Amino acid sequence: MDKVVVRIADYRIAEAPATLVTYGLGSCVAVALYDTETRMGGLCHIMLPSSSKARDSGNPKKFADICISEMLEDMENRGCNVDRMVAKIAGGARMFDLPNKEKSSSIGERNRDAVLIELAKRRIPLIAEDTGENYGRTMEFHLGNGDMLVISLRGGTKVYRDEAL
Amino acid sequence: MKRLNESDLDFLRELSNIGVGHAATALSQLIGRQVGMRVPKVSIVDLASVPELMGGSEKIVSGVYLQVLGDARGAILLIFPDDSSRALISLLLKRVDEPLSEMGASTLKEVGNILASAYLSVLGNMLDITLIPSIPSLAHDMVGAVVDIVLSDLGEIGDTAFVFETEFYDMTNDIKGHFFLLPGPDSIDVIMRAIGSKNG
């Protein structure tokens with residue numbers, strides 16, 4: 001099977017029957033976008049919520065806002081249409097309990113919230129989500145059937161299937 | 001951040017060497033075995049490559065994370081490969097800990113605390129600055145997920161991190177660990193100023 005690995009702060013686009021995979025998500029969030037007609041999908045692995053508050057932008061694909069728009073634009077250039085897209089996301093954990101950071105929400109939660117905002121702006125429905133808690137995840141996105149597999153040390157493998165896809 | 005020249009780096013490497021030496025001694029007293037360490041690397045690393053350096057994102061590790069508080073800010077992350085953390089626990093608790101129990105987790109946190117405190121007190125004494133470790137916190141999981149916290153902290157500043165890294169091991173070689181010190185954005189300046197005033 002064709003596996004396309006997505007590195008941290010990056011995205012990849014592929015079409016059925018390939019599988020997109022990203023390993024070891026902690027507070028990072030993986031966002032899969034899927035065009036139900038072309039059966040083409042994109043997967044990105046973001047580290048931080050927003051480029052606006054950063055002191056140094058560096059590789060802009062680490063930010064949810066920039067990475068999602070770049071991936072979307074790339075997908076549309078390859079014939080996808082945002083109106084046919086659905087999204088599945090995973091990650092955004094709180095890996096360490098930090099006593100003096102309790103008051104603020106964790107970076108994982110902020111990443112998740114930023115992703116939801118980006119999806120909502122473009123009216124992309126979020127049809128599956130495995131986020132939060134305090135453990136790491138590996139996410140596979142199967143473009144043949146749109147399945148999202150979330151693999152973790154604690155929870156084993158969970159399959160998020162949508163029969164409509 | 002001021003650019004560091006080669007002699008600054010040497011000095012930081014030497015400081016780190018002494019700090020980690022004390023930490024290794026503390027660990028050796030704790031486990032009752034001789035503990036060796038490699039000469040610390042002081043390097044600038046590309047954040048995205050850190051999980052690969054540790055043997056691949058999905059490798060299971062125990063990570064102890066402490067924040068550095070006081071005159072300079074930063075973070076310490078200790079990473080033990082899974083088999084090393086279990087060997088360490090069985091040595092200290094005199095029993096096999098499978099799966100990781102509450103007691104095993106506290107043991108690892110305490111080891112992290114001892115190493116970090118030894119290191120920071122040496123660094124602080126030599127530079128006349130106050131460096132205090134926060135309460136340690138533990139994650140036993142895929143290394144990619146464990147290092148995320150540090151990547152995100154540093155990622156707000158840039159794509160590369162200035163990292164002090166060393167590896168320590170006991171003489172029977174079944175316990176290994178990686179020690180990362182990640183200075184916060186302004187900490188290198190604080191440290192270099194302290195070095196400057198020492199050298200008068």
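**Exercise 1. Determine which elements of chain A the buried residues of helix H1(A) pack against.**

Solution. Step 1: identify the helix. In this predicted model, H1 of chain A covers residues 64-77; helices (H or I, at least four residues) and strands (E, at least two) are DSSP runs, numbered from the N terminus. Its 14 residues reach 20 Å from the first C-alpha to the last, close to the 20 Å expected at 1.5 Å a residue, where the expected span is 1.5 Å times one less than the number of residues.

Step 1: list the buried residues (under 20% relative accessible area, with exposed over 50% and partly exposed in between, for a 1.4 Å probe and protein chains only). They are A:Ala64, A:Asp65, A:Cys67, A:Ile68, A:Met71, A:Leu72 and A:Met75.

Step 2: find their partners by contact (heavy atoms within 4.5 Å). These residues pack against strands E2 (10-15), E4 (29-35), E5 (40-46) and E6 (85-91), and against helix H2 (107-121), of chain A.

Step 3: look just beyond the helix. There A:Gly79 takes a positive phi of about 100°.

The conventions are as follows. Residues are numbered from 1 along each chain as its sequence is written, and chains are lettered from A in the order in which they are written. Local features need pLDDT of at least 70, side-chain atom pairs count only at pLDDT 80 or more, and totals for chains, interfaces and linings use all residues, while side-chain values use heavy atoms, leaving out hydrogens and water.

**Exercise 2. State which strands stand at the edges of the open sheet of 5 strands in chain A, and why one side of each is left without a neighbour.**

Solution. Step 1: write the order, which is E1-E3-E8-E9-E10 with mixed pairing; two strands pair if DSSP finds at least two bridges between them.

Step 1: inspect the ends. Strands E1 (3-5) and E10 (156-160) of chain A each have a single partner strand, so one side of each lacks a neighbour in the sheet.

Step 2: examine one pair. Strands E3 (residues 19-25) and E8 (residues 137-142) of chain A are antiparallel over 5 bridges, and A:Thr22 stands opposite A:Met139 in E8(A).

**Exercise 3. Describe the surroundings of B:Ala145.**

Solution. Step 1: locate the residue, which is found in helix H5 (residues 143-155) of chain B.

Step 1: B:Ala145 is buried, with a relative accessible area of 0%.

Step 2: name the contacts. Not counting residues up to four places away in sequence, B:Ala145 touches A:Gly24, A:Leu25, A:Gly26, A:Met95 and A:Gly136.
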